[in-house]
Amino acid sequence: MSGAFSALWQRGGRAGLPDVLARDWDVLVIGGGICGAGVLLEAARRGLKALLVERHDFAWGTSSRSSKLVHGGLRYLKDGHVRLTAESVREREMLLRCAPGLVEPQGFAFAQYDGARGRRSFLAGLAVYDVMAGRRERHWLPADDFLMAAPNVKRDGLAGGIVYTDARTDDARLVLRVLREALDHGAAAVNHLGARALLRDGGRVCGAALVCAVDGTEYAVRAKVVIDATGAWSGALHGENAGQGPRLRPLRGSHLILPAWRLPLARAVSLMHPHDGRPVFAFPWEGATLVGTTDLDHVDPMERAARITRAEMDYLMAALRAQFPHLQLTDKDVVATYAGVRPVIAGKEGGAPSREGREHVVWSADGLVAIAGGKLTTFRAIALDALRLAKAQLPGWIDPLDACPVFAPVLRPDAPHVDAGLLRRLHGRHGACTAALLDAARPGELERIPGTETAWAELRWAARREAVLHLDDLLLRRTRLGLLLRDGGTAHMDRIRAICQPELGWSDARWAREDAAYRAHWTLHHGLPHED
């Protein structure tokens, strides 16, 4: 990691924080999710002095709790949003090309039963989808062929099925890879540093008042332009500019994680929920099976982390039992749950959540640019739109803001002793840092943790070089062990501690506090829900 501010991500790096924050910045990005990370990278690679701050941890909000899909959005095409679909397909194809091992193709299978409608319109939409992606696929399979692709689906009345290809990712690792690329271009990014208020000079925004969540220290940071990329939390800082942007409708999407052996899938399986006809899916992810998603108005206070409700879990389990009846799945098969809040722009009053669009909007005031809406797949396009508005407020900065690949090409290290699949995975997640990660690995640490695709070495590297300040940073976002393993991975805590405590420099008392806090957080936000 060669960026000038990469020391902030190492143990003890926050000692240099006051000097970093005392600088004058061209752009201050508030919000450490995928949109904020995208803005930081696009600004830094174009020569701007750019700083990002995040109140919690990088990817703490929606960007670690999405459905993990990098998709073109067939539903958007069905609803007539051709531009959004075309943009999403273009961005998906770019990410597949430049981030193999992090963004991977994901086949989907959609069973069709006797009497079901919509087959022709679905296939017509897929034909348009193929044209946008510049590819041609066979999409209809008769029943026998479809059962080869999705052998566990309900067979009674099966007429055949539709298959197509999208993509999947680890959303939190995508954020970390984008941030790391930004650091290599000279940017700075600091987690657990929240924006308390915007600073103004004569009515113009000129920076932000920040407070460190670690020790409570307050800072005043000045910047020519502040970009609010806080997603579903957007607007809380705007003060006198409140009300200028579009109205947001926070929508909650909840998910289940099951062991792969209980719901084995080669492809993602999509289905229409038997209760309301909404699309629900299950697909293989990180060595487990991910099931989602709900789409409900989120009315809880935004300062609290979202969590699944009992009703949502029952809804998702009902879909699984309908599609995979012979597996006899029960609540006991669920390893973990998670819920995220989508920053959706509100449409007509009283409209169904699932009918809301996923377009993004950027707007500006003096010294301020704000992002509203959008989706994971299109983060690069959102970032460029935000910088186009910021450009008018940065005299002397000239850049055509042409789109270029998110990640610069990086040679994969020559490591014949490493399993090819693991090397692809590590290279996708860590880019230019892959060789250093492999060098740091101790004997046995390139083995995968049972039940996951994660290597033990990923824990050591994260603790050493990825700005881990709390145990949940490590187990819920740098790695996903807290979602993939029963009880948040606590059965492996002795080995996790042996690897990570020396790297983090935590005392025994500090580790005990972090361990207790992590277990309590996991039980509340990722365990099975109680009655609503």
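The exercises below concern ring pairs and charges over rings in a predicted model.

**Exercise 1.** Classify the pair formed by Phe108 and Tyr164, and find what it ties together.

Step 1. The count of aromatic pairs comes to 8. Among them is Phe108 with Tyr164: the centres are 5.2 Å apart, with 10° between the planes.
Step 2. Planes under 30 degrees apart count as stacked. The Phe108–Tyr164 pair is therefore stacked, at 10°.
Step 3. Locate the residues. Phe108 belongs to strand β3 (residues 103-113), and Tyr164 to strand β5 (residues 158-169). The pair therefore ties together parts that are 56 residues apart in sequence.
Step 4. Check burial. Both Phe108 and Tyr164 are buried.

**Exercise 2.** Classify the pair of Phe281 and Phe283. Are the two residues buried or exposed?

Step 1. The centres lie 5.8 Å apart, and the planes make an angle of 40°.
Step 2. Stacked needs under 30 degrees and edge-to-face over 60. At 40°, the Phe281–Phe283 pair is tilted.
Step 3. Buried means under 20% relative accessible area. Phe281 has 11%, so Phe281 is buried. Phe283 has 0%, so Phe283 is buried too.

**Exercise 3.** Where do the charged end of Arg92 and the residue Arg119 sit?

Step 1. The charged end of Arg92 is over the ring of Tyr129, 5.2 Å from the ring's centre.
Step 2. Arg119 lies over the face of Trp140, with 3.5 Å to the ring centre.

Definitions and conventions:
Residues numbered from 1 in each chain as written. Predicted model: local features only at pLDDT ≥ 70, side-chain atom pairs only at ≥ 80, totals over all residues. Heavy atoms only, no water. Phe/Tyr/Trp six-rings, centres within 6.5 Å; stacked < 30°, edge-to-face > 60°. Helix = DSSP H or I, 4+ residues; strand = E, 2+ residues; numbered from the N terminus. Buried < 20%, exposed > 50% of the residue type's maximum accessible area, 1.4 Å probe, protein only. Lys NZ or Arg CZ within 6 Å of the ring centre and 35° of its normal.
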